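Please read it with the structure at hand.

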Amino acid sequence: MENLQKKAKELLSNKEVDLIIGYTSISEQETKPVFIKEADEASKLVFNAFCFNNLATYLTRKDVKAVKKIGIVAKGCDIRAIVNLIVENQIPREKVYILGMSCPGVKDPKNPSEINSKCRVCKVQNPHLADVIIGEKVAESNKMDQKVHHSDVEEFNKKTREEKWQFWTEQFSKCIRCYACRQACPMCYCNRCIVDLNTPQWIDTRSNPKGGLAWNLVRAYHLSGRCIDCGECERVCPVNIPLMLLNRTLQEEVQRSFDFEAGYDLEASAPLTVFEKDDQENFIR
Amino acid sequence: MSDNVYMPYLMKISDIRDETPDTRTYRLEFTRPEDAEKFDFKAGQFGLYSAFGGGESTFCVASPPTRKGYIECTFRVMGRVTTQLRDMNIGDIVGFRGPYGNSFPIEEKFYGKNITFIAGGIGLAPVRCVIWNILDLRDKFKDVNIVYGARTFQDLVYKDEIKEWEDRKDVNLVKTLDPGGDKAEYGCSGWNGKMGFVPAVLKESGIKGDNGVAVVCGPPIMIKLTLPVLKELGFAEENTFTTLENKMKCGIGKCGRCNVGSFYVCKHGPVLSAAELAQLPDEY
Amino acid sequence: MADLFLTHDKAKELLKHIASQGIEVFGPVKKDGSHLIEKIKDQSEIDFSYFITANSIKEALFPRYEKILSYKISQEGIEVEDVSIDKSVVIFGGHPCDAASIPLMEKIFGWDYKDKFFLERREKAVILTLACEEADKDCFCTSLGYSPRGEIGSDILLERVSDQGWKLKLLSEKGKEFAKKYETYFQSTLEVDKKYPKLSDKDIPVQFDAKIVKSWIDTHFEDPLWEKIASNCWSCAACTYVCPTCHCFDITDDATMWSGMRTKNWDACTLPYFTLHASQHNPREQHFQRYRQRINHKYSIYVNLFNAISCTGCGRCSRACGAKVNILEAVKMIASAAGGK
């Protein structure tokens with residue numbers, strides 16, 4: 001922690017960055033995002049097992065985009081989001097100073113005695129892209145070449161087609177259309193989201209089963225190949241829709257079809273955002 | 001009318017006039033005679049017009065309250081509802097909820113005064129209502145000045161009425177176009193008005209604010225630049241009136257969308273004086 | 001009148017019974033890890049093991065979306081059909097902070113134009129609230145003049161006497177009629193556990209002076225503190241939708257070629273395009289301007305209009321916020337900046 005605070009103080013004093021987005025403690029078992037601009041605020045920064053938020057979501061907010069150089073405290077999953085944002089031309093690499101944090105895992109916000117399930121399959125406990133790495137090296141639990149595999153997806157896939165449809169239509173009818181999932185997600189940065197368009201009205205804006213289904217499916221689809229498994233959407237959902245179950249199912253589908261996982265490689269583009277002449281067409285029947 | 005405050009009157013389009021390539025005026029008549037009889041409104045009020053299937057949109061009532069049996073609205077085609085409205089024909093049904101909001105204090109503050117109207121582009125629509133209201137009661141007022149301008153000749157609305165006002169001996173009309181706005185490609189075959197921006201033309205017009213009331217409407221930038229000129233010419237801020245526009249949905253003070261601080265445009269407005277405007281927070 | 005008690009089991013039976021009679025019943029349901037106030041159906045898992053539900057009772061009187069008129073389109077023209085509010089509603093399981101929101105909502109929905117959708121539904125509603133036995137750091141009802149055992153807006157207050165049930169306090173004619181109508185579900189005695197009541201006003205100390213907060217808001221619209229207060233806000237509507245007093249809505253049409261309906265749907269001033277003009281000008285383009293509007297509206301504008309603060313201190317917005325924006329903290333930062341408590 002001292003190293004983080006020391007580094008942050010240094011960066012702000014030397015004006016190497018104009019703003020640092022990090023975490024600060026609310027209590028012993030809770031942190032929240034904090035935005036600091038002065039060197040003497042660096043003592044507010046912490047990093048611990050309760051730093052669940054993905055701060056990369058702020059990198060595309062209008063006021064943050066206007067800042068010349070931004071420092072960001074990021075663990076492996078957050079850095080995956082930053083890599084994606086760079087690949088998708090949302091932020092130039094030079095603009096962001098990544099304070100990469102070695103991360104042994106964060107607690108599940110809904111079940112604080114447990115490590116979150118995303119941490120079990122994490123391949124970047126030691127940051128894969130950073131301007132400085134802070135914290136002791138962590139013994140890697142998963143190798144980079146391991147194909148991503150989630151146990152909850154495996155369990156779910158045992159259901160029949162009808163059971164799955166029944167499950168999802170029920171879950172999505174709970175949706176209150178608060179868009180917390182969209183706003184928390186670092187990959188949802190469209191200036192004008194499809195649900196905010198009304199000519200034509202692609203998606204019903206009402207909190208009814210039809211609208212909830214359309215909204216959640218469209219968002220999951222727009223995320224496929226881009227979702228970096230930070231789990232923020234599920235955490236912030238006020239009605240506890242298991243959004244990560246759907247996103248992880250699509251992650252594994254993209255892995256199967258395109259041998260691709262998002263957010264690791266600055267040189268690779270998400271499969272559904274580019275095309276090559278020799279792309280498979282085996283899904284056209 | 002039902003007890004449902006969201007229930008619109010059903011109006012039939014009885015006349016269509018295309019003012020500019022993207023602006024249209026509809027004359028709407030009540031489909032139920034009992035509605036036509038009971039209906040009344042004051043200059044400055046607005047309504048929510050429905051294109052059934054598309055939604056509702058907010059426009060002022062552009063015709064004066066002195067003319068009974070119909071209302072007129074002028075709108076520019078901008079999005080979903082206005083596109084559907086534009087695709088309608090004479091005889092089609094448009095919904096109307098209103099009249100909502102406050103009105104210009106004509107009785108209280110305009111009687112016996114010199115009235116100066118300043119408008120730009122489609123901003124003439126809410127002002128036109130007041131102009132005709134006043135011309136229909138002409139002897140209650142002293143001088144009537146109208147300063148109206150648009151970016152190009154094409155953008156002038158109510159072209160026929162501008163001619164009428166120009167020809168009237170009891171109205172002083174000053175019309176202007178932005179530099180370059182009189183080219184033939186804008187449909188102009190000879191322009192005998194001024195060339196220049198409305199605030200500048202107003203300044204040179206010789207109009208004074210003594211015993212005067214001003215009504216200003218137009219794009220925000222025009223209003224911003226006109227208010228200081230009016231002050232210079234001697235118009236008091238309490239006697240300078242404008243209308244505020246904000247995104248609306250319910251029009252009756254409930255949906256929480258149109259407020260500028262504690263000023264609900266649909267309830268406390270849309271009409272307000274320059275003095276009141278200066279007190280409002282900058283969120284409009 | 002003799003004492004009346006209600007046990008958990010009987011309460012569950014009662015609610016399911018009323019629902020079967022064609023009356024809309026809203027009650028506390030355990031669903032996927034949280035407790036929500038929801039419309040009770042046959043298969044609902046009614047559960048009382050919560051200190052506060054994640055959402056409020058708001059949607060019982062102000063649904064997430066509701067039809068306000070319908071129409072048929074033909075060559076001859078348009079035929080419009082009105083909507084009538086004929087169902088009664090029973091709301092069970094909210095807290096004093098929920099019930100207190102009802103007189104507040106009545107003010108806006110009754111402001112000159114009477115919105116029958118809220119007002120008639122409210123007329124026909126019977127509201128049963130549970131006095132609070134627990135509070136957390138996000139609760140601050142007392143700072144706004146309310147109480148964890150408060151009676152404002154409620155017809156029957158249920159005060160816990162044991163782990164099995166409550167004692168009824170009948171607060172209105174409607175409450176008395178309800179107790180009479182369903183008297184077979186209530187009992188005249190219940191073994192009392194001396195540990196109740198566990199909570200009273202003094203357990204939730206007042207944390208700020210709302211008058212000082214309002215006067216700062218009224219004179220500091222452009223203050224840089226707003227950006228600091230709202231720094232984490234990412235402009236979703238979670239706070240708005242779980243709030244018992246937030247009432248912003250949208251009106252939209254949903255139609256085919258030949259028929260359609262117009263509905264009133266929940267909307268939020270915190271969402272980015274809430275105030276977007278057709279010209280694409282947005283008076284509240286930045287996140288902190290929208291958050292400022294939310295606080296301004298609750299703590300100042302509503303007072304200017306109706307002499308009441310549009311907040312009951314339930315803390316749900318703070319609990320629901322994924323970005324960890326906390327309304328109590330925000331208001332305290334303002335009070336502190338104003339030099340007051």
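Contact here means heavy atoms within 4.5 Å. The model is predicted, so local features need pLDDT of at least 70 and side-chain atom pairs count only at pLDDT 80 or more, while totals for chains, interfaces and linings use all residues. Residues are numbered from 1 along each chain as its sequence is written, chains are lettered from A and ligands numbered from 1 in the order in which they are written, and side-chain values use heavy atoms, leaving out hydrogens and water.

**Nonpolar cores**

- A nonpolar core is a set of buried (under 20% relative accessible area, 1.4 Å probe, protein chains only) Ala, Val, Leu, Ile, Met, Phe, Trp, Tyr and Cys residues joined through side-chain atoms within 4.5 Å.
- The largest such core has 180 residues, and Ile20(A), Tyr6(B) and Tyr299(C) are among those with the most contacts inside it.
- Helix H10 (residues 287-306) of chain C gives the most to this core, with 8 residues; helices (H or I, at least four residues) and strands (E, at least two) are DSSP runs numbered from the N terminus.
- Beyond four places in sequence, the residues that Tyr299(C) touches include Phe140(C), Leu144(C), Phe208(C) and Ile327(C).
- A second, separate core of 59 residues includes Ile13(B) and Ile115(B).

**Strand S7 of chain B**

- Strand S7 (residues 114-120) of chain B is largely enclosed by the rest of the structure, because 7 of its 7 residues are buried.
- Ile115(B), Phe117(B) and Ala119(B) point one way from S7(B), and Asn114(B), Thr116(B), Ile118(B) and Gly120(B) the other way.
- Strands pair if DSSP finds at least two bridges between them; S7(B) runs parallel to strand S11 (residues 212-217) of chain B, joined by 6 bridges.
- The bridge partner of Ala119(B) in S11(B) is Cys217(B), and in S8(B) it is Tyr148(B).

Definitions and conventions. Buried < 20%, exposed > 50% of the residue type's maximum accessible area, 1.4 Å probe, protein only.
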